[in-house]
Amino acid sequence: MAKANRPAKWQRDPEGMRLRILAAAKREFSAYGLAGARVDRIAAEAGANKRMLYYHVGNKEDLYLTVLEGAYEDIRAEERELNLEHLDPPEAIERLISFTWSYFIRNPEFLALLNTENLERAAHLKRSTKVKSMHSPFVEMIRTVVSRGVASGDFQVAMDPVQLYISIAALCFFYLSNSATLSVIFGRNLLSPEAKDERLAHVVGLVLAALTGKPAAQPGKKKATKARSLATTTA
């Protein structure tokens, strides 16, 4: 009788079950998009059933939004650990670029989720009560770095922090998300270690040139090695 009344495993560890569901859902939505994702597959991979899934998270669209919010929370949390406020402004910007590049490479599921939500015209993100509030401190962090750079004379342009971050993300995102077609078009393996090093150094040089008003240095092996080392450090 005691055995019959024992709570099920998912009832004894509801948070563990919720996390397994979200992890499985992230892989499913990243691989198949919202339309192609299947709740049955998510539940099976998490060791759950549909009833558990709906109990812990909600329906398919609620689950998708929770995964999307979690993806943004993860990258923002890691960005807060960069301690940009303690670095000289040019070094802070270089670290931000190197981190963004490294994060995108390490988290292809994040890029896939962004692609899916853009195809959906951000219909689900518009329902989020969390996303805007988690981005505000991040924007202010970049604004502070830029303001310090202008005050110190390192930067010649008080660039809009939102525009600056969009440019950094775009320079990294487009290259990685289109690497297959671009590699064929230009006859290069754009995902080779050397090509990725060169790209990171190029992006760092380009952005710093825009901020400082000084010509971007040629990447070169030394510059590429430094950028790769910084990306590894921030990973």
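This is a predicted model: local features need pLDDT of at least 70, side-chain atom pairs count only at pLDDT 80 or more; totals for chains, interfaces and linings use all residues.
**Entry 1: helix α6**

I began with helix α6, which has 18 residues and reaches 25 Å from its first C-alpha to its last, close to the 26 Å expected at 1.5 Å a residue. The expected span is 1.5 Å times one less than the number of residues in the helix. Helices here are DSSP runs of H or I with at least four residues, strands are E runs of at least two, and numbering starts from the N terminus.

Residues are numbered from 1 along each chain as its sequence is written, and side-chain values use heavy atoms, with hydrogens and water left out.

How much of α6 is buried? I found that 14 of its 18 residues are buried, so α6 is largely enclosed by the rest of the structure. Buried means under 20% relative accessible area, exposed means over 50%, and partly exposed lies in between (1.4 Å probe, protein chains only).

Ser102 lies in α6, and I counted Ser102 as buried because its relative accessibility is 8%. I then looked across to Cys172: Ser102 and Cys172 are 70 residues apart in sequence, and their C-alpha atoms are 9.2 Å apart in space.

**Entry 2: aromatic rings**

The structure holds eight aromatic pairs. Rings of Phe, Tyr and Trp (its six-membered ring) pair if their centres lie within 6.5 Å; planes under 30 degrees apart are stacked, over 60 edge-to-face, and the rest tilted.

Phe104 and Phe173 make an edge-to-face pair, at 6.2 Å centre to centre and 85° between the planes. This pair links distant parts of the chain, with Phe104 in α6 (residues 89-106) and Phe173 in α9 (residues 161-177), 69 residues apart. Phe104 counts as buried at 4% relative accessibility, and Phe173 counts as buried at 19%.

Next I checked Phe138 and Tyr165: their ring centres are 4.8 Å apart and their planes are at 90°, so this pair is edge-to-face. It too links distant parts of the chain, from Phe138 in α8 (residues 131-152) to Tyr165 in α9, 27 residues apart. Both Phe138 and Tyr165 are buried.

Which residues form one aromatic cluster? I listed Tyr72, Phe99, Tyr103, Phe104, Phe110 and Phe173.

I also looked for charges over rings (NZ of Lys or CZ of Arg within 6 Å of the ring centre and within 35 degrees of the ring normal). The charged end of Arg76 sits over the ring of Phe138, 4.4 Å from its centre. Over the ring of Tyr32 I found the charged end of Arg41, 4.3 Å from the ring centre.

**Entry 3: the core**

The largest nonpolar core has 64 residues. Such a core is a set of buried Ala, Val, Leu, Ile, Met, Phe, Trp, Tyr and Cys residues joined through side-chain atoms within 4.5 Å. The residues with the most contacts inside it are Ile21, Phe29, Leu63, Ile93, Phe104 and Phe110.

Leaving aside neighbours within four places in sequence, Leu63 is in contact (heavy atoms within 4.5 Å) with Ile21, Leu22, Ala25, Phe29, Ile42, Leu53 and Val57.

Most residues other than glycine have a negative phi. Which residues did I note with a positive phi of about 60° although they are not glycine? Arg121 and Ala122. Arg121 lies in the loop between α7 (108-119) and α8, and Ala122 lies in the loop between α7 and α8. Arg121 counts as exposed at 66% relative accessibility, whereas Ala122 counts as partly exposed at 25%.

**Entry 4: helix α11**

Helix α11 (residues 193-212) has 20 residues and should span 28 Å at 1.5 Å a residue; its end C-alpha atoms are 28 Å apart, which agrees. Gly213 follows α11 and has a positive phi, near 80°.

Val204 lies in α11 and counts as buried at 0% relative accessibility. Val204 and Ala216 are 12 residues apart in sequence and 8.7 Å apart in space, C-alpha to C-alpha.

**Entry 5: the whole chain**

I closed with totals. The protein has 12 helices and zero strands. Buried residues make up 46% of its 235 residues. Among contacts between residues at least 6 apart in sequence, 69% join residues at least 24 apart.
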